[in-house]
Amino acid sequence: MKTPQGLLALIDDGVIDEVLRPLKSGKEAEVYVVRSGDDVRCAKVYKDMAQRSFQQRVQYQEGRKVRGSREARAIGKASKYGRKQQEVAWKNAEVDALYQLRAAGVRVPEPYGYFHGVLVMELVTDTEGFSAPRLGEIELNAERAREYHRVLVRQVALMLCCGLIHGDLSPYNVLVGPDGPVVIDFPQVVSAAGNNAARTMLLRDVNNLTAYLGRSAPELLETWYGEEMWALFQAGELQPDTELTGEFTPDETEVDLDSIRQSINDAREEALIRQQGREAAEEY
């Protein structure tokens, strides 16, 4: 295929040798399957995010570190320079998160480097070597749904131990390889300690997965893993080897239990609506 403009510099520098085919096109990036020597990898070419809501990006970027006070002030004022710096921070966030999470043992693609605004990383494949399907694209029995839920809750907890929250986790940014689920797409990653919406985003991540997998294993819908791990995190007791139970008893004198339940139900309904929308689009 014709080499996309965004990958020409990588070929010129010898980072990759050939672009094999497109893999995925989304709001944030175009992903291509590429060859580097004898290895087949993927290259994520980030799009200009100018069309995305600035306020939405600010919510995700709250608590992220930038290079200096000038950049921080500019981002806060939404100046032209600030938008440029925010763009840089937005793109770097996924790269930094992948290296940190991979080192911590989280099931994410292995990054191979960030060159000219392009992230080169592992291509997650199935048992036959083809691109791995997304979790939302495969049929699951109850046993497999329970296993994937256990693995994914574990990944969310490990991320939280690193001080990070995915922020947009759903069955459509989880790939299923031969060894199970692999979490992808981290440009919206959230600082757990520095973002005021961190708890809400964590619960939404966990509830999105639970809502989907609970369709195959309904007993998962009665679990409270998000609240449990957040309470442990706040108390400084969440560790990589912490055994989670899915049980949680809110202090009703301090916590609005109805609000918690409503947030869980909202996440589950949102996940169902998304799924129905995708199925309708595919049929059309």
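**Helices H5 and H7**

Reader: Is the crossing of H5 and H7 left-handed or right-handed?
Author: The crossing of H5 and H7 is right-handed, meaning that the near helix is turned clockwise from the far one by less than a right angle. Helices here are DSSP runs of H or I with at least four residues, numbered from the N terminus. This is a predicted model, in which local features need pLDDT of at least 70 and side-chain atom pairs count only at pLDDT 80 or more, while totals for chains, interfaces and linings use all residues. Residues are numbered from 1 along each chain as its sequence is written, and side-chain values use heavy atoms, leaving out hydrogens and water.

Reader: And at what angle do the axes of H5 and H7 cross?
Author: Roughly 25°, with the axes of H5 (residues 142-161) and H7 (residues 225-234) coming within 11 Å; axes are lines fitted to C-alpha atoms over the stretch in contact, and angles run from 0 to 180 degrees between N-to-C directions. The two helices are therefore roughly parallel, a label for angles under 35 degrees.

Reader: Which residues make the contact?
Author: H5 brings His149, Val153, Val156, Ala157 and Leu160, while H7 brings Tyr225, Met229, Trp230 and Phe233, where contact means heavy atoms within 4.5 Å.

Reader: Changing topic, which residues of H7 are buried?
Author: Tyr225, Gly226, Glu227, Glu228, Met229, Trp230 and Leu232 are, buried meaning under 20% relative accessible area with a 1.4 Å probe, protein chains only. Because seven of its 10 residues are buried, H7 is largely enclosed by the rest of the structure.

Reader: What comes just after H7?
Author: Glycine 236, which takes a positive phi of about 75°.

Definitions and conventions: Angles under 35 degrees count as roughly parallel, over 145 as roughly antiparallel, 65 to 115 as roughly perpendicular and the rest as oblique. Buried means under 20% relative accessible area, exposed over 50%, partly exposed in between (1.4 Å probe, protein chains only).
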